[in-house]
Amino acid sequence: MKITDVQILFYTRPMPDIQYAEDIPASYSGDVEVYVVKILTDEGIEGYGGGIGYTRTGRATAEVIRQVIKPNIIGEDPLNREKIWQKLWRIDRLAFMPQTAIGPIDVALWDLAGKIANLPIYKLLGAYRDKLPAYASGQTLPSIEAYAEQAIKAKESGYTAYKLHPFGDPAKDIAAAAAVREAVGDNFVLMLDAVASYDYTSALQVGRSLEQLKYHWFEEPLRDVDIHGYRKLAQDLDIPIAGVEVLSGSLYTTPEYIVTNAVDIVRSDVTFKGGLTPLMKTAHLAEAFGMRCEIHCVGGMELMEIANLHAACAIKNCYYHEILVPEDVIRYGVCEQIKIDKEGQVHAPQGPGLGVELDWEYINSNLKYIL
């Protein structure tokens, strides 16, 4: 079997304004660029991946796939996923392309492999389970009261946990964390993601407050590149520190954070980190050190979050699946969305490959062009 073509179906998706820091404009706003990557083969089997353009950069990433990646994988056996990923990783250095361009290709190759084997991806990877708990992950909200209200709604909707993306101001963030804890009670799991808003001193202040409030983890308090600050923070705080989700270099930059005890929980995903192939390597690396690898929801098209769910069900050291709320932010592009059951669990699709059908009616009705 050979890869004969790579097509990029480009369409737009209207989005509400969604922020992850009080003083930074919305990451999503208006018509956001979305694309489906389709890998075609000489035997008629197709694999799919996808992506979203932050601040309307989707076209640039798609052009990298078309101009740089496509010529380098035509004629390759799609089952040689490791060979192809290593080849693209080398090209990444030579062509300075973003890791987000590799992820859709790698996911599409895994989708192809599952279809060929007639197995869901999580089974192909080596299943550990077929479901796991989900947590609701909010965005920056207009008031402290709004965080409490969203957390209550998440709890009432059946989620097993809730994560704040607060304002980015230490004093206000502590107040929001306290309000949420009071609203949901002592036995509900809470996390806080600071989206790299603090320096070491303010992160220490917030972290100590989160410890008193019995938060489950403290995510990305500093920029990922501040390994010195992370080492100090992890040493000075008892609450687990989660990080490296946007650190450039995929799995190759993560070991230093593990062996120097700079983080307690590793973050990874199929979009920011270049696909299922490096995500699984990162998860197993973390497992070897007795650490968790909690998978990050990028908030792109649902197809890629389904790939994340397959990975989570193939490893032991991921405790939660992240779902952005309001859920409509990512629930488009596929016919079967990820939804929690009455116990707050999400289930891996059971069909071959990614196990879901693309919503071609929606995609074609919003299609702008094919690259």
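What follows is a list of selections, each with a note on what is there.

**Before you start**

This is a predicted model, in which local features need pLDDT of at least 70, side-chain atom pairs count only at pLDDT 80 or more, and totals for chains, interfaces and linings use all residues. Residues are numbered from 1 along each chain as its sequence is written, and side-chain values use heavy atoms, with hydrogens and water left out.

**Stop 1: a helix pair**

Select residues 58–73, helix α1, and residues 81–95, helix α2. Helices here are DSSP runs (H or I, at least four residues), strands are runs of E (at least two), and both are numbered from the N terminus. The two axes come within 11 Å and cross at roughly 145°. Axes are lines fitted to C-alpha atoms, for helices over the stretch in contact, and angles run from 0 to 180 degrees between N-to-C directions. The crossing of α1 and α2 is right-handed, meaning that the near helix is turned clockwise from the far one by less than a right angle.

Now show side chains. From α1, Val 68, Ile 69, Asn 72 and Ile 73 make the contact. From α2 come Ile 84, Lys 87, Leu 88, Ile 91 and Ala 95. Contact means heavy atoms within 4.5 Å.

**Stop 2: the cores**

Which residues have the most contacts inside the largest nonpolar core? Select Tyr 162, Tyr 215, Phe 218 and Met 301. This core has 91 residues. A nonpolar core is a set of buried Ala, Val, Leu, Ile, Met, Phe, Trp, Tyr and Cys residues joined through side-chain atoms within 4.5 Å. Buried means under 20% relative accessible area, with exposed over 50% and partly exposed in between (1.4 Å probe, protein chains only). Helix α11, residues 302–313, gives the most to the core, with eight residues.

**Stop 3: Phe 218 and Ile 241**

Centre on Phe 218. Beyond four places in sequence, its contacts include Leu 192, Tyr 198, Leu 210, Leu 237 and Ile 241.

Move to Ile 241, in strand β8 (residues 241–243). Ile 241 counts as buried, at 0% relative accessibility. Its contacts, again beyond four places, include Phe 218, Pro 221, Tyr 230 and Val 263. Now pick Ala 262: its C-alpha atom is 8.2 Å from that of Ile 241, though the two are 21 residues apart along the chain.

**Stop 4**

Most residues other than glycine have a negative phi, and most peptide bonds are trans. Select Ala 196, in the loop between β6 (189–193) and α7 (200–212). Its phi is positive, near 60°. Next, select Glu 220, in the loop between β7 (217–219) and α8 (227–236). Glu 220 has a positive phi of about 45°. Glu 220 is also buried, at 7% relative accessibility.

Then go to Pro 326, in the loop between β11 (321–324) and β12 (345–347). The peptide bond from Val 325 to Pro 326 is cis, with omega near 0°.

**Stop 5: the cysteines**

How many disulfides are there? The count is zero, where a disulfide is a pair of cysteine sulfur atoms within 2.5 Å. Select Cys 313: the nearest cysteine sulfur, that of Cys 318, is 8.7 Å away. Cys 313 is buried, at 0% relative accessible area. For Cys 318, the nearest cysteine sulfur is that of Cys 293, 6.7 Å away. Cys 318 is buried too, at 0%.
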